[in-house]
Amino acid sequence: MKDIFIAFFSTVGSLAILFASIGILRMPDFYLRLSVTVKAATLGVGFLLASAAIAFPDVSVTTKAMAIAFFLVLTAPVAAHMIGRTAYHTGIRTWKGTIMDELKEKKTSDDTKKAAIKRDEKTNGPV
């Protein structure tokens with residue numbers, strides 16, 4: 001029974017990582033590639049770590065596998081978010097089929113607020 005779980009988790013983990021690598025090739029822009037890769041690779045590595053924890057029933061191996069999986073799930077989305085925001089602010093273009101750009105809307109509203117504050121400071125003096 002243990003071998004069946006190991007085989008299942010290893011297969012699912014390997015397939016998820018395979019789908020992540022295919023996603024890098026198939027997605028049209030950087031942001032979609034980043035999203036697909038982080039999600040699928042995190043899932044794949046999690047399954048591979050689960051199969052390693054089952055294969056080696058030693059407490060130290062299981063604890064290390066759980067800790068790695070926990071920190072991977074905790075840090076991978078945050079890192080992908082920061083990489084995506086940095087890419088956006090440095091001018092990496094989005095795909096032509098992108099429908100919604102929330103950062104652009106936020107940036108324009110922030111720019112209008114800053115312009116209004118500068119106008120107020122010129123007419124009324126600094127606050």
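This is a predicted model: local features need pLDDT of at least 70, side-chain atom pairs count only at pLDDT 80 or more; totals for chains, interfaces and linings use all residues.

Student: How many helices and strands does the chain have?

Tutor: There are 4 helices and 0 strands. Along the sequence the pattern reads α-α-α-α.

Student: What share of the chain is buried?

Tutor: Buried residues account for 17% of the 127 residues.

Student: And the contacts, how many join residues at least 24 apart?

Tutor: Take the contacts between residues at least 6 apart in sequence: 69% of them join residues at least 24 apart.

Student: Helix α1 next. What does its span look like against the expected one?

Tutor: α1 has 25 residues, and its first and last C-alpha atoms are 36 Å apart. The expected value at 1.5 Å a residue is 36 Å.

Student: Which residues of α1 are buried?

Tutor: I6, F9, G13, A16, A20 and G23. Their cover includes α2.

Student: What about spacing in a helix, why do residues three or four places apart point the same way?

Tutor: An α-helix has 3.6 residues a turn, so residues at that spacing face the same way.

Student: On to α2. What span should it have, and what does it have?

Tutor: Its 26 residues should span 38 Å at 1.5 Å a residue, and the end C-alpha atoms are 37 Å apart, so the two agree.

Student: Which of its residues are buried, and what do they pack against?

Tutor: The buried set is Y31, L34, V38, A40, T42, G44, L49, S51 and A53. The buried residues of α2 pack against α1 and α3, which runs 59-89.

Student: Pick one. Where is T42, and why does it count as buried?

Tutor: T42 sits in α2. Its relative accessible area is 17%, and the cut-off for buried is under 20%, so T42 counts as buried.

Student: What does the T42 side chain reach?

Tutor: A polar atom of the T42 side chain lies 2.6 Å from the backbone oxygen of V38. Beyond four places in sequence, T42 contacts T37, L72, V73 and A76.

Student: Switching to D29. Where is it?

Tutor: D29 is in the loop between α1 (2-26) and α2 (30-55).

Student: What is the nearest side chain of opposite charge to D29?

Tutor: R33, at 6.7 Å. D29 is buried but has no salt bridge.

Student: Which backbone nitrogens does its side chain reach, then?

Tutor: Those of L32 and W95. The L32 nitrogen lies 3.1 Å from a polar atom of the D29 side chain. The W95 nitrogen is reached at 3.0 Å. Past four places in sequence, D29 contacts R93, T94 and W95.

Student: Follow-up on T94. Where does it lie, and is it buried or partly exposed?

Tutor: T94 lies in the loop between α3 and α4 (102-124). At 37% relative accessibility, T94 is partly exposed. Leaving out residues within four places, T94 contacts D29 and Y31. T94 and L32 are 62 residues apart in sequence and 9.1 Å apart in space, C-alpha to C-alpha.

Student: What else does Y31 touch?

Tutor: Not counting residues up to four places away, Y31 touches G84, A87, Y88, I92, R93 and T94. Y31 is in α2 and is buried, with a relative accessible area of 17%.

Student: Which backbone oxygens does the Y31 side chain reach?

Tutor: The A87 oxygen at 3.4 Å. The I92 oxygen lies 2.8 Å from a polar atom of the Y31 side chain.

Student: Last topic, rings. How many aromatic pairs are there?

Tutor: The structure has 5 aromatic pairs. F8 and F9 form a tilted one, 5.8 Å centre to centre with 50° between the planes. Ring pairs also link F5, F8, F9 and F47 into a cluster.

Student: Is F8 buried or partly exposed?

Tutor: F8 is partly exposed, because its relative accessibility is 48%. F9 is among the buried residues of α1.

How values were computed:
Residues are numbered from 1 along each chain as its sequence is written. Side-chain values use heavy atoms; hydrogens and water are left out. Helices (H or I, at least four residues) and strands (E, at least two) are DSSP runs, numbered from the N terminus. Buried means under 20% relative accessible area, exposed over 50%, partly exposed in between (1.4 Å probe, protein chains only). Lys and Arg count as positive and Asp and Glu as negative; His and the chain ends are not counted. A salt bridge is a side-chain nitrogen of Lys or Arg within 4 Å of a carboxyl oxygen of Asp or Glu. A polar contact is a pair of N or O atoms within 3.5 Å; within protein, one must be able to donate a hydrogen and the other to accept it, and residues adjacent in sequence count only if both atoms are side-chain atoms. Contact means heavy atoms within 4.5 Å. The expected span of a helix is 1.5 Å times one less than its number of residues. Rings of Phe, Tyr and Trp (its six-membered ring) pair if their centres lie within 6.5 Å; planes under 30 degrees apart count as stacked, over 60 as edge-to-face and the rest as tilted.
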